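Biologist: Could you take me through this model, beginning with the contact between its chains and then turning to the sheets?

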Number of protein chains: 2
Amino acid sequence: MTSPLINKFVVVGIGLIGGSLATGLRQRGACAEVIGIARKAETCTEAVNYGVVDRAYTSLQEIAHELTAGDIIFIAVPTLSVNSVFEEIKQHISSDVTITDGASVKGSVQLAAEAVFGAVPPQLVLGHPIAGSEKSGVTAANPNLYERHRIILTPLESTSDVHLDLVARMWQAVGAEVLSMSVEEHDEVLGATSHLPHVIAYSLVDTLAQDINNPNIFRYAAGGFRDFTRIASSDPVMWHDIMKANKSAILKSMDLFIDNLSRLRKGIEQGDSDYLLDVFSRAKEARDEFTLMLAKRQAAPKED
Amino acid sequence: MTSPLINKFVVVGIGLIGGSLATGLRQRGACAEVIGIARKAETCTEAVNYGVVDRAYTSLQEIAHELTAGDIIFIAVPTLSVNSVFEEIKQHISSDVTITDGASVKGSVQLAAEAVFGAVPPQLVLGHPIAGSEKSGVTAANPNLYERHRIILTPLESTSDVHLDLVARMWQAVGAEVLSMSVEEHDEVLGATSHLPHVIAYSLVDTLAQDINNPNIFRYAAGGFRDFTRIASSDPVMWHDIMKANKSAILKSMDLFIDNLSRLRKGIEQGDSDYLLDVFSRAKEARDEFTLMLAKRQAAPKED
């Protein structure tokens, strides 16, 4: 029997993102043991009972002494809580242990690491799985969540190749495709393709619920509205953190969107058929191309 | 053998909406014959070959002489083309024939009918199926499209009960639930729950495709983005027409949305955690309630 890729896999924050990676690695035999860390004792019990982790603790300190090279700590807490996990790591964790994270914003994690460690340590590989769900919590953990999904790693000059390679192989083990880009490009791209749509979905649902004076407004909404607003059911705290962590990129993309929408509003007001048909046709074409690209990716043979 | 509910079912505009009702009625034995009317001879041939209609013509005039009480004409052309169908009806169709439509805006159809007929004739029942798809054309026809979906009828003082009743039973025959409201309420509710989301989706995709200077922007978008932008793949001409036909209600809901989004933008800029958490939590709650409502509706026993 060959030994697994990872010895101890430690997941800090046992929610959808962390729990899914934990069960995914476990089911594929890619780690010897899964250890969970959660703030609440209740979550620890639930995670063990639910079979997502082998054992769980309320503090990283409790298992610090047993971690060494070949072990991975995966930080999967809300973006603005990464900071306090770094504090614990600095105090207790050996520099041999590979550390990575799954936060949706990378610039703020880099800043937090610099603030805590002085500089981003070679063992820390910043990353972000482009996968998720409007569901949250340990019971939403899904071992196949990352199958054929993309993982963006944003290594820095200081990142060690050994740790980078282990993290990349960890994600490949659960069926994901690993890509690499700069922290800045990541935050800009995600600001536009993920954070902006979430802001819009929250604001649209809030407009209908709060600002439109019709208590029956949702009664007549249909399936298109359900798909369109699915992401407005996402975890408010997680998204609050993302708004703060990626503020400048989000404001930039919001401004571009508000400008575009205001031009469209003017086109509608003036009955400018050419303008409306131009925008709608361009958007349909871009969106159809995107769907085709996703379909091709789903159909492509799996990379092993 | 009992005779079917409808004798001749005539569908003017053989696309997703018309074709789906035609095949739905046919498969359930609710009409004796389906006749299609399409502007292009090519569409007529395709609709016959595809089995959506029994026979098809490029003009309503060609079958006018054979239509009488118990027959239904369903107008399923883009909103702004309803006008020219009314002209043909006025010239050629008997006042015994039941006429209804599926346009997404009812105020503009009422105005068109008043312009052509002088007043909305008793035989004309305005209606709107709250169902659809980003797909279009006769090949997208789906006999079960209206199953458990809602149909809003907007009868006027002048509408005859006989015709209203036949139209309601037609929709029930394909598994839909029939509701009734005023033309004004319909246009306001749909402006907010359907037309506004479409404007936003088109504008978001256009912002990413045109305004953001990154050719790879769509490469890193994921499933949430796909769901969120599905409606931006809808037919541009159909939506152009809706924007013109329901202009005032759409502008009103756009203004409420742009105001809400601008307040949220300010909250993000100022790092106002309370405000962000309030909006996100309120929206999540409203959206979760909406999902529950849809789920209950799907689970409810079918009305026959």
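Biologist: How many salt bridges does the rule find across the interface of chain B and chain A?
Modeller: This is a predicted model, and side-chain atom pairs count only at pLDDT 80 or more. One pair that qualifies is B:Asp255 with A:Arg265, whose closest N and O atoms are 2.6 Å apart. A search of the whole structure finds 32 salt bridges over all chains, while across the interface of chain B and chain A the number is eight.

Biologist: What area is buried between chain B and chain A, and which residues of chain B lose the most?
Modeller: The contact takes 84 residues from chain B and 83 residues from chain A. The area buried between the two chains is about 8300 Å², and carbon and sulfur atoms give 68% of this. On the side of chain B, the residues that lose the most area to chain A account together for 9% of what that side buries, and they are B:Tyr220, B:Phe228 and B:Arg287.

Biologist: Why does the salt bridge of B:Asp227 with A:Arg230 join two chains?
Modeller: The closest N and O atoms of B:Asp227 and A:Arg230 are 2.7 Å apart, which is within the 4 Å cut-off for a salt bridge. A:Arg230 lies in the loop between helix 7 (223-229) and helix 8 (236-245) of chain A, so the pair joins two chains, its other member B:Asp227 lying in helix 7 of chain B.

Biologist: Which strands stand at the edges of the open sheet in chain A?
Modeller: Three strands form this sheet in the order 7-8-9, with mixed pairing, and the twist from one strand to the next averages 25 degrees. Strand 7 of chain A and strand 8 (residues 150-153) of chain A run antiparallel and are joined by four bridges, with A:Ile130 standing opposite A:Arg150 in strand 8 of chain A. Each edge strand has a single partner strand, so one side of each is left without a neighbour in the sheet, and these edge strands of chain A are strand 7 (127-130) and strand 9 (177-180).

Biologist: Which helix of chain B lies across strand 7, strand 8 and strand 9 of chain B?
Modeller: In chain B, too, an open sheet of three strands has the order 7-8-9 and mixed pairing. Four bridges join strand 7 of chain B to strand 8 of chain B, the two running antiparallel, and B:Pro129 stands opposite B:Ile151 in strand 8 of chain B. The helix that lies across strand 7, strand 8 and strand 9 of chain B runs at about 170 degrees to strand 8 of chain B, and this is helix 5 (residues 161-173) of chain B.

How values were computed:
Residues numbered from 1 in each chain as written. Chains lettered and ligands numbered in written order. Predicted model: local features only at pLDDT ≥ 70, side-chain atom pairs only at ≥ 80, totals over all residues. Heavy atoms only, no water. Contact = heavy atoms within 4.5 Å. Buried area = accessible area lost by both parts, 1.4 Å probe. Salt bridge = Lys/Arg side-chain N within 4 Å of Asp/Glu carboxyl O. Pairing = 2+ DSSP bridges. Axes fitted to C-alpha atoms, helices over the stretch in contact; angles between N-to-C directions.
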